[in-house]
Amino acid sequence: PALQDVARSALQTNPDVAARLNAYRAAEHESDAARSAYRPRLDLTANAGRERDRFSNRTPATDTLDRTGVSLGLTQVLWDGLAGRSDQRRADHGRMVRYFELVDTSEQVALEALRAHYDVARFRELVRLAEDNY
């Protein structure tokens, strides 16, 4: 097999590479979440409940109150003391760390796979030479 196929196969099947790739994807999502601090926020809240109060001076001794409610709120951050910017920069740096960890792990796995491929080819050649010599 070609060397590219050996390296590709090793990268696709190695669990360390998959773990680093998933960590990088998670860091990308964290970076996107940090960027979302600059966007408007829409909150929808709904509640429902029943309250029962007991009064001793009323004729029916208990009163029941059913309550329901819905609220919708829209907020936009105008100034947060640069906290959003700091969170975004921190998340971007974390994403870059995960990227370089992914690259490092990928290179190490590919190198080990190619070394193993060359070792097998070398030992096969040595066996062939030993058979010819015998």
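**Exercises on a predicted model**

Strand S2 gives the most to the nonpolar patch, with 3 residues. The model is predicted, so local features need pLDDT of at least 70 and side-chain atom pairs 80 or more, while totals for chains, interfaces and linings use all residues. Residues are numbered from 1 along each chain as its sequence is written, and side-chain values use heavy atoms, without hydrogens and water.

**Exercise 1.** State which residues make the nonpolar surface patch and which strands supply it.

*Solution.* Step one: the patch, of about 610 Å², is made by Leu 42, Leu 44, Val 70, Leu 72 and Leu 74. Patch residues have over 30% relative accessible area and no salt bridge, and nonpolar side chains are joined within 5 Å. Step two: S1 (41-54) and S2 (62-75) each supply at least two residues; strands are DSSP runs of E, at least two residues long, and helices are runs of H or I, at least four. Step three: Leu 44 lies in S1 and is exposed at 64% relative accessible area (exposed is over 50%, buried under 20%, partly exposed in between, 1.4 Å probe, protein chains only).

**Exercise 2.** Classify the ring pairs of the aromatic cluster formed by Tyr 24, Tyr 99 and Phe 100.

*Solution.* Step one: rings pair if their centres lie within 6.5 Å; planes under 30 degrees apart are stacked, over 60 edge-to-face, the rest tilted. Step two: the structure holds 2 aromatic pairs. Tyr 24 and Tyr 99 have ring centres 5.9 Å apart and planes at 55°, so this pair is tilted. Step three: Tyr 24 lies in helix H2 (residues 15-35) and Tyr 99 in helix H3, so the pair ties together parts 75 residues apart in sequence. Step four: Tyr 99 and Phe 100 have centres 5.2 Å apart and planes at 70°, so that pair is edge-to-face.

Methods:
Patch = residues over 30% accessible without salt bridge, like charges linked within 9 Å, V, L, I, M, F, W, Y side chains within 5 Å. Areas by Shrake-Rupley, 256 points an atom, 1.4 Å probe, with all protein chains shown as cover. Salt bridge = Lys/Arg side-chain N within 4 Å of Asp/Glu carboxyl O. Phe/Tyr/Trp six-rings, centres within 6.5 Å; stacked < 30°, edge-to-face > 60°.
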